[in-house]
Amino acid sequence: MWSILDSIWVVLKRTFKKKVTIQYPEERAELSPRYRGRIVLTRDPDGKERCVACYLCSSVCPVDCIAIEASIDQKNRRFPKTFRINFSRCIFCVFCEEACPTLAIQLTPDFEMSEYKRQNLVYEKNDLLISGTGKYPEYNFYRWSGLAIVGKDKGQAINEKKPVDIHSILP
């Protein structure tokens, strides 16, 4: 009974309220500051790609719209040879951005991505890669995680502990 009266009250309250129409191309709608839209791939402060092709984004994607193929360059640094997102399947759940350890995937407030053909909604790496650092300008994954030192094995650098042999600590 109360739900019916409450519904009638909501309808009557909104019936006499002035309607607001936004003339879209000329006027832009106010977006929430936390709005997430188009996916982009960012670069680190050195200008190199942040993505290390770890496949976390594609594995966490609930609709399986991200496809990656990894490769290794001359300095043994991983990078995606191909990175493809099918935006016709993407539900903009933000799981890929949260799973990315290098902060390479970021969602922007761009929402104008409509197309007449579905094939145009499949974005390749060169469509997604931007020239800037995005929301995290100081972050550089390889500076934080470290790089392999040429000519030295694990545990031989200055102030670095020897790796633990897991077989030695078994009962």
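Tutor: Start with Pro-62, which sits in the loop between helix H2 (56-60) and strand E2 (66-72). Helices (H or I, at least four residues) and strands (E, at least two) are DSSP runs, numbered from the N terminus. This is a predicted model, where local features need pLDDT of at least 70, side-chain atom pairs count only at pLDDT 80 or more, and totals for chains, interfaces and linings use all residues. Residues are numbered from 1 along each chain as its sequence is written, and side-chain values use heavy atoms, with hydrogens and water left out.

Student: Is Pro-62 buried, partly exposed or exposed?

Tutor: Pro-62 is partly exposed, with a relative accessible area of 48%. Buried means under 20% relative accessible area, exposed over 50%, and partly exposed in between (1.4 Å probe, protein chains only).

Student: What is Pro-62 in contact with, leaving aside neighbours within four places in sequence?

Tutor: With those left aside, Pro-62 is in contact with Ile-91, Cys-93 and Phe-95; contact means heavy atoms within 4.5 Å. Ile-91 is 29 residues from Pro-62 along the chain, and their C-alpha atoms are separated by 8.7 Å.

Student: Switching to rings. How many aromatic pairs are there?

Tutor: The structure holds three aromatic pairs. Rings of Phe, Tyr and Trp (its six-membered ring) pair if their centres lie within 6.5 Å; planes under 30 degrees apart count as stacked, over 60 as edge-to-face and the rest as tilted. One of the pairs is Tyr-35 with Phe-111: the centres are 6.4 Å apart and the planes are at 90°, so this pair is edge-to-face.

Student: Where in the chain are Tyr-35 and Phe-111?

Tutor: They are 76 residues apart, so to speak of the pair is to speak of a link between distant parts of the chain. Tyr-35 lies in the loop between helix H1 (2-15) and strand E1 (39-41), and Phe-111 in the loop between strand E4 (105-107) and strand E5 (122-123). Tyr-35 is partly exposed at 31% relative accessibility, and Phe-111 is partly exposed at 36%.

Student: What about Phe-87 and Phe-92, stacked or edge-to-face?

Tutor: Their ring centres are 5.9 Å apart and the planes are at 15°, so the pair is stacked. Phe-87 is buried, with a relative accessible area of 5%, whereas Phe-92 is partly exposed at 30%. Together with Tyr-123, Phe-87 and Phe-92 form one aromatic cluster.

Student: Next, Thr-133. Where is its place?

Tutor: Thr-133 is in the loop between helix H4 (125-128) and helix H5 (141-145). Thr-133 is buried, with a relative accessible area of 19%. Leaving aside neighbours within four places in sequence, its contacts include Thr-42, Arg-43, Asp-44 and Gln-106.

Student: Zooming out, what does the secondary structure come to?

Tutor: The protein has five helices and five strands, in the pattern α-β-α-β-β-α-β-β-α-α along the sequence. The radius of gyration, taken over C-alpha atoms, is 24 Å, well over the 16 Å that the globule rule gives for 171 residues, so the protein is more spread out than a compact globule. That rule is 2.2 Å times the number of residues to the power 0.38. The C-alpha atoms fill a box of roughly 75 × 45 × 30 Å along the principal axes.

Student: How many of the 171 residues count as buried, as a percentage?

Tutor: The buried share is 26%. Among contacts with a separation of 6 or more, 72% come from residues 24 or more positions apart.
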